[in-house]
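Subject: Handover of a structure and the findings in it

Dear colleague,

Please find below the sequence and structure that I am handing over to you. I would be grateful if you kept the structure open while reading the notes that follow.

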Amino acid sequence: MTISGNTYRNILRDNKFSADLALSFQNCTGISEFGFSGENKTYKFSFISGKVFDHENRYFSSYLPNSQLNILTNFSGEAYDYSIDGDKVLYSGFKQDLFAERFYFKTSGCNVQASFTIKGKKPTCVLGIPANFYTGQLITGYITTNSLSGIRIFSGSFENQSSFYFNSIDTGYIKSNSSGQVLIGQNVTGLGNFITSLTLNTSAGDYSQQVKITGLAVPYLNYAFQLDSDSDILNNLSTQTFVSGVEKAGYANLNYSYDTNYGNLIPSSLPIDISLSYYTGITGYFGQVSDVSIVSGGYGYLSAPTVIFSGGNPTSAASAVALLGSTSVDYTSVVDVNIIDYGSGYTSVPTIIFSGGTGVVNNINPIVASGVASVSSYIKSFSGFFSLETGLDGALINYRNQSYVSGFKYTKTGSSVNNSSIINIKTSYTPSFDNEIMIAKLSISGVDNNLIERYITGAK
């Protein structure tokens, strides 16, 4: 090749090379220079007006126009040697250690016919990938080398019709103490064993290799956490029957299970926390009228008087009707009281008042009847009215009986089931004589932040 002016070529970055040069100069008046450069340093030979000088500026040979001059040189670290036309001239010279990144020719005042071979030890360059990957996901690999000085990665490609492609390649320098990351994708997703060839294009040349990899199904672990039906547990307790002392119960089943395609993902247990807590409703002291005793039936009632329950601070007042006698002796007197509504919330005994219904009978002025009420009372509490039971296969544990009570809440922490299960849940409400509703919150929590909440109304 003919060289004129300045010519530079990049080479593998290293501090050890050999160069075999065959040079023919157009004339002996020009100036030329051949060398290696890197790190702002050079290793060179100078050709000045027919004379050849080495790196340390020693004159060691001459040349004539259009005659071939053969120079072989080797350098490593700080040492170098060279031969001229097959004869060893210098066995060991001294230079600065440099990692060469290019070689160059500089000419001024002449052209040079040059033939040359530059040799260095090619470093390793290997793409490492995992033995297995999850199909449909990118594969992460790393390019490594044994080069201390480093090689630059330009690009990479897989063989034609390969199932894989390079999604991205770190195109910087890699060294023996570093690596370059690559991401590999699948052209068509699939499972099983794959064998394919690839080529990496680098500053040290091309590297080809064959890789083997196995595609696996993407692992999954899904949980089922669902009440099969909650209408029974919601409706049974809220249906009004106006019957005291009879338990109203509702039932529900929780489907708690998992599904996975890998055995090592099977959970050792499934945590479960079921609680029933007070939400809203009147609690505390409750009283109701239980009976009315006639103290005096009075006289002169032409019709049954109105019965009034006065005082007692009820939340719901009692009501009743008076009954007159049926004989000739008592037909104008109150003989009994029929209680229609016992009321609720009485904090004290109300006063009984018989109002209206009187008139003059047998020229005798009427006498107003009188009576005394009796009150029954109790303390209404959340845990006294609501109850919670849970279990497996119908074997239920009563939270109240087991003292799983904390404040206004039934709860049992740290529970779990070992396998996929159907968990039975029973809530119950036992009303007393008051008509006030109470609402409780049923909370069911499990793995993976699953949470189910239901608001259950207890009514008489």
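Does Asn 40 count as buried or exposed? Asn 40 counts as exposed, because its relative accessibility is 84%, and the cut-off for that class is over 50%. Before going further, please note that this is a predicted model.

**Two loop residues**

Asn 40 is found in the loop between strand 4 (31–38) and strand 5 (41–48). Its backbone deserves a look as well: Asn 40 is not a glycine, yet it has a positive phi of about 65°.

Ser 403 is not a glycine either, and its phi is positive, at about 60°. With 58% relative accessibility, Ser 403 counts as exposed.

**An open sheet and its edge**

Next, please find the open sheet of six strands, whose order is 1-12-3-8-9-10 and whose pairing is antiparallel. Strand 1 (2–3) and strand 10 (87–94) are the edge strands, as each pairs on one side only.

Which strand does strand 10 pair with in the antiparallel sense over five bridges? The partner is strand 9 (residues 79–84). Within this pairing, Ser 83 has Lys 88 of strand 10 as its bridge partner.

Strand 10 also contains Val 89. Val 89 has a relative accessible area of 34%, so it is partly exposed. Its C-alpha atom is separated by 11 Å from that of Arg 58, a residue 31 positions away along the chain.

Another set of pairings involves strand 20 (residues 192–202). Strand 16 (residues 151–158) pairs with strand 20 in the antiparallel sense, over five bridges. Here Gly 156 stands opposite Leu 200 of strand 20.

Strand 20 pairs with strand 21 (residues 205–216) as well, again antiparallel, over eleven bridges. One example is Ser 197, whose bridge partner in strand 21 is Gln 210. Strand 20 and strand 21 form a hairpin, and two residues lie between them.

**Aromatic rings**

How many aromatic pairs are there? The count comes to 37. One of them joins Phe 60 and Tyr 82: this pair is tilted, with 4.5 Å from centre to centre and 45° between the planes. Phe 60 belongs to strand 7 (residues 59–62) and Tyr 82 to strand 9, so their pair ties together parts that are 22 residues apart in sequence. Phe 60 and Tyr 82 are both buried.

A further pair is made by Phe 386 and Tyr 429. Their ring centres are 4.9 Å apart and their planes lie at 55°, so this pair is tilted. Phe 386 is in strand 31 (residues 386–392) and Tyr 429 is in strand 35 (residues 421–429), which means that the pair ties together parts 43 residues apart in sequence. Phe 386 counts as buried because its relative accessibility is 0%. Tyr 429 is buried too, with a relative accessible area of 1%.

Ring pairs also link a number of residues into a cluster, among them Phe 17, Phe 34, Tyr 43, Phe 60, Tyr 80, Tyr 82 and Phe 116.

**Charges over rings**

Lys 51 lies over the face of Tyr 59, 5.6 Å from the centre of the ring. Lys 380 has its charged end over the ring of Phe 385, at 5.1 Å from the centre.

**A nonpolar patch**

Which residues make the nonpolar surface patch of about 320 Å²? They are Val 321, Leu 323, Val 335 and Ile 340. Strand 27 (319–324) and strand 28 (334–341) are the elements that give two or more residues to this patch. Leu 323 has its place in strand 27. Its relative accessibility is 37%, so Leu 323 counts as partly exposed.

Yours sincerely,

A colleague

Terms used:
Residues numbered from 1 in each chain as written. Predicted model: local features only at pLDDT ≥ 70, side-chain atom pairs only at ≥ 80, totals over all residues. Heavy atoms only, no water. Pairing = 2+ DSSP bridges. Helix = DSSP H or I, 4+ residues; strand = E, 2+ residues; numbered from the N terminus. Phe/Tyr/Trp six-rings, centres within 6.5 Å; stacked < 30°, edge-to-face > 60°. Buried < 20%, exposed > 50% of the residue type's maximum accessible area, 1.4 Å probe, protein only. Lys NZ or Arg CZ within 6 Å of the ring centre and 35° of its normal. Patch = residues over 30% accessible without salt bridge, like charges linked within 9 Å, V, L, I, M, F, W, Y side chains within 5 Å. Areas by Shrake-Rupley, 256 points an atom, 1.4 Å probe, with all protein chains shown as cover. Salt bridge = Lys/Arg side-chain N within 4 Å of Asp/Glu carboxyl O.
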